[in-house]
Amino acid sequence: MKTYRNGRNDMNLMHEELARAQMSARLGEAHEMRRGHHLALARRMSRKAELAAQQARLALARAI
């Protein structure tokens, strides 16, 4: 890498910094999407468990 700076080198550095910032933003978005996906999955599983428990209680009540 050159130790002196000129207009072209400064422009290249600006492009690199912009690319790094965009990559960081995309990684952050991907992380948030994964977190949201896991949260939605946990909610669905919780609802299924609650429904199964309710059905088991009804079956037990009918058996008595």
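The following dialogue examines how terms are applied to a predicted model of one protein chain.

Tutor: In this predicted model, local features need pLDDT of at least 70 and side-chain atom pairs count only at pLDDT 80 or more, while totals for chains, interfaces and linings use all residues. Residues are numbered from 1 along each chain as its sequence is written, and side-chain values use heavy atoms, with hydrogens and water left out.

Student: What makes up the secondary structure of the protein chain?

Tutor: The chain has 1 helix and 0 strands; helices (H or I, at least four residues) and strands (E, at least two) are DSSP runs, numbered from the N terminus. Helix α1 covers residues 7-63.

Student: Why is Lys 48 called exposed?

Tutor: Buried means under 20% relative accessible area, exposed over 50%, and partly exposed in between (1.4 Å probe, protein chains only). Lys 48 has 57% relative accessibility, so Lys 48 counts as exposed. Of the 64 residues in the chain, 3% are buried.

Student: How do you know that Glu 16 and Arg 20 form a salt bridge?

Tutor: A salt bridge requires a side-chain nitrogen of Lys or Arg within 4 Å of a carboxyl oxygen of Asp or Glu. The N to O distance between Glu 16 and Arg 20 is 3.6 Å, and their side chains therefore meet in a salt bridge. Both residues lie in helix α1, 4 residues apart, about one turn of the helix. Glu 16 is called partly exposed because its relative accessibility is 36%.

Student: How many salt bridges does the structure hold?

Tutor: There are 3 salt bridges. One of them joins Arg 26 to Glu 29, with the closest N and O atoms 3.8 Å apart. Another pairs Arg 35 with Glu 32, where the corresponding distance is 2.5 Å.

Student: What separates Arg 35 and Glu 32 along helix α1?

Tutor: Arg 35 and Glu 32 are 3 residues apart, which means about one helical turn. Arg 35, at 46% relative accessibility, counts as partly exposed, and Glu 32 is partly exposed with a relative accessible area of 46%.

Student: What makes up the patch of positive charge on the surface?

Tutor: The patch gathers Arg 43, Arg 44, Arg 47 and Lys 48. Lys and Arg count as positive, Asp and Glu as negative, and His and the chain ends are not counted. Residues in a patch have over 30% relative accessible area and no salt bridge; like charges are joined within 9 Å, and nonpolar side chains (Val, Leu, Ile, Met, Phe, Trp, Tyr) within 5 Å.

Note on methods:
Accessible areas come from the Shrake-Rupley method with a 1.4 Å probe; for residues, only the protein chains shown count as cover. The place of a charge is taken as NZ of Lys, CZ of Arg, CG of Asp or CD of Glu.
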